[in-house]
Amino acid sequence: MKKGSAFSGLAIGAFLFYMLLPILATYAFSIATRWDRSILPEGLTFEWYKVAFNDKWFTIVFKNSLVLSISTVIASVLVIVPTAYWVQLRVPKARSLLDLISTLPFAIPGVLLALGLIRLYARPPLMLARTPAMLVAAYVIFTMPFMYRPVANSLEAVDIRTLTEAAQSLGSSWGRTFREVILPNILPGILSGGLLVFATIFGEFTIATFLVGARYKTFPMQLVYFTRRDGRIASAYSVISFSIAWISSLILLWVATWGAKRTSHGSLHRKKDRPKGAVGD
Amino acid sequence: MNLRQPKISRRKSKWLDWIPLLPFLLFCLVIMVLPLFFMLRGSFTGSEGQFTLEHYAKMGASIYAKSFRNSILLSGLTAILGVLMGTVVGYFICRLPNQRVQELVTALCDVTSNFSGAPLAFAFIVILGSNGVITLAFQKYLNWKIYPTFSIYSFSGLILAYLYFQLPLMVLLIIPAIAGLKAEWREAASGLGASSRQYWRYVGLPVLAPAITGGLLLLFANAFGAFATAYTLTVFRYPLVTLQLGFLLTGEVFRDPGAGDAMGILTLLLMGISIFLYQIAAKRGRKWQQ
């Protein structure tokens with residue numbers, strides 16, 4: 001027994017080391033004066049952040065990525081939530097079709113989606129492929145599983161048919177029923193999906209590079225640019241990127257716990273909301 | 001029966017009910033289905049508009065064949081390593097006595113499985129680049145120069161960087177399956193005289209099998225479709241399928257549209273089959289995880 005637990009401690013320790021070292025080293029690197037000729041950083045400084053923030057591109061790319069992420073979340077909610085609600089309420093036959101469509105994007109790498117869109121829409125007379133609007137549309141497809149799964153699950157968790165009937169028999173209109181009865185009930189699902197979409201898009205590099213490229217520079221594009229030019233500024237960018245991912249994940253966990261409490265389902269059940277699929281890039 | 005028959009719930013869905021789905025379906029058609037359909041068509045269309053298989057024949061040429069070989073090797077290897085290591089780590093996490101520590105480690109997996117792309121690649125340059133922290137530590141304390149045998153900018157480095165997002169994904173996949181192994185089964189097995197080995201052979205592994213095969217498939221697809229990590233580390237120097245597709249896309253003029261289409265369709269086929277089989281495995285695995 002003793003031997004077993006020593007081995008298990010070792011395995012988990014090695015795993016944590018592997019998971020944390022690259023992140024912690026990047027955080028340290030970003031506040032080190034110099035760290036390319038000695039084991040420990042030679043000194044501490046915030047110089048690289050100052051240089052990064054003072055670059056006029058910083059505000060531009062940060063704002064662009066923020067605009068893209070928020071637009072994608074909004075567009076995704078608008079496209080997916082009413083559809084998922086309607087299917088659950090009226091067209092149960094369409095459920096398997098929707099499930100299928102929403103898993104398809106897992107099988108389409110970003111670079112492939114970009115290739116397809118450019119080949120089809122970048123030629124005259126359309127010339128639409130290389131616009132930020134098309135990028136947002138591509139992002140809604142790309143992140144569809146992240147939004148659809150949690151929303152569909154929370155629609156299943158509450159009896160939306162009874163709720164809709166009850167509201168309507170009390171004289172509520174469609175719009176009001178959706179806004180005041182359904183929406184509050186599936187809010188945890190929408191929030192989970194929205195946060196995942198936000199975090200994914202803020203760090204998305206591939207589709208943005210090929211669809212819009214330098215016409216609409218994003219935060220990850222600038223990060224990649226600096227990895228080749230100045231590692232210290234790249235480290236500041238990476239730290240910001242990692243921090244946004246941490247924070248989104250923490251809020252996500254918090255939302256999941258909150259949603260679980262509200263719908264009185266066990267937290268283990270809620271955790272399955274998280275769509276598992278291709279996430280690496 | 002109710003006094004008032006509710007209007008909504010008990011009627012059958014009619015074709016009219018499908019109309020509100022049209023905007024969504026149209027959106028998916030225009031942004032996802034049509035581009036892929038035209039890619040399929042393009043992959044079979046020659047320069048004069050005639051039907052041809054020449055683009056697929058081109059895939060035998062060295063650069064494309066090499067890209068597919070490398071991509072399959074990299075994805076397969078990191079999938080196998082990720083599944084093996086992830087299963088062991090997941091098993092130990094499940095056996096941690098402290099519930100809070102267990103949740104903390106799982107949360108860490110949740111976060112790190114999403115760390116990929118450019119910042120992750122850069123983090124690996126920081127620790128294992130030619131002047132990286134670990135590279136220097138090895139040199140100084142062990143007098144061991146890991147370069148050029150190992151390089152973060154080559155295949156060995158890509159494996160290490162890809163495993164970083166593969167491993168926590170597998171841990172997340174296997175934990176519910178391991179949690180589904182009920183203590184009573186083990187007790188029942190040993191009560192009936194089964195050895196620990198027999199328990200794993202006839203009870204444990206069969207219950208975990210869907211999660212393990214599913215994990216292999218999902219991790220394979222996950223790595224095969226990845227682009228940004230490899231691009232940040234190698235630019236276009238190392239032939240991988242996604243990098244090659246990206247390379248064909250650079251510049252306003254397409255280098256070889258037909259070849260790009262054919263490569264795209266083969267990629268889609270490979271990833272589609274993996275994800276489809278993964279879905280089946282996941283459905284089967286859910287049986288044990290109520």
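Predicted model: local features only at pLDDT ≥ 70, side-chain atom pairs only at ≥ 80, totals over all residues.
Another cysteine, Cys28(B), is buried, with a relative accessible area of 2%.

From the cysteines the reader may turn to the aromatic residues. A pair of aromatic rings is described by the distance of the centres and the angle of the planes. Over all chains the count comes to 39 aromatic pairs, and one of them joins Tyr91(B) to Phe92(B), with 5.8 Å from centre to centre and 55° between the planes, an arrangement classed as tilted. The two partners fall on either side of the 20% limit for burial, because Tyr91(B) is partly exposed at a relative accessible area of 21%, whereas Phe92(B), at 8%, counts as buried. In chain A, ring pairs link a cluster that includes Phe46(A), Tyr49(A), Phe53(A), Phe58(A) and Phe62(A), and Phe198(A), Phe202(A), Phe219(A), Tyr225(A), Phe226(A) and Tyr237(A) belong to this cluster as well.

Chain A also contains helix 6, which spans residues 132–142 and has eight of its eleven residues buried, so that the helix is largely enclosed by the rest of the structure. The buried residues are Met134(A), Leu135(A), Val136(A), Ala137(A), Ala138(A), Tyr139(A), Val140(A) and Ile141(A). Within chain A they pack against helix 3 (56–89), helix 5 (110–121), helix 7 (144–157), helix 9 (174–202) and helix 10 (206–211), and the surroundings extend to the other chain through helix 1 (22–43) of chain B.

Two packed helices are described by the angle between their axes and the distance between the axes. Helix 8 of chain B (residues 183–191) packs with helix 9 of chain B (residues 196–224) at an angle of about 145°, the axes being 10 Å apart, and the crossing of these two helices is right-handed. On the side of helix 8 of chain B, the contact is made by Trp185(B), Arg186(B) and Ala189(B), which meet Ser196(B), Tyr199(B), Trp200(B), Val203(B) and Val207(B) in helix 9 of chain B. Sorted by class, this contact has six nonpolar residues, one polar residue and one charged residue.

Notes
Residues numbered from 1 in each chain as written. Chains lettered and ligands numbered in written order. Heavy atoms only, no water. Axes fitted to C-alpha atoms, helices over the stretch in contact; angles between N-to-C directions. Helix = DSSP H or I, 4+ residues; strand = E, 2+ residues; numbered from the N terminus. Left-handed = near helix turned anticlockwise from the far one by under 90°. Contact = heavy atoms within 4.5 Å. Nonpolar A, V, L, I, M, F, W, Y, C, P; charged D, E, K, R; others polar. Buried < 20%, exposed > 50% of the residue type's maximum accessible area, 1.4 Å probe, protein only. Phe/Tyr/Trp six-rings, centres within 6.5 Å; stacked < 30°, edge-to-face > 60°.
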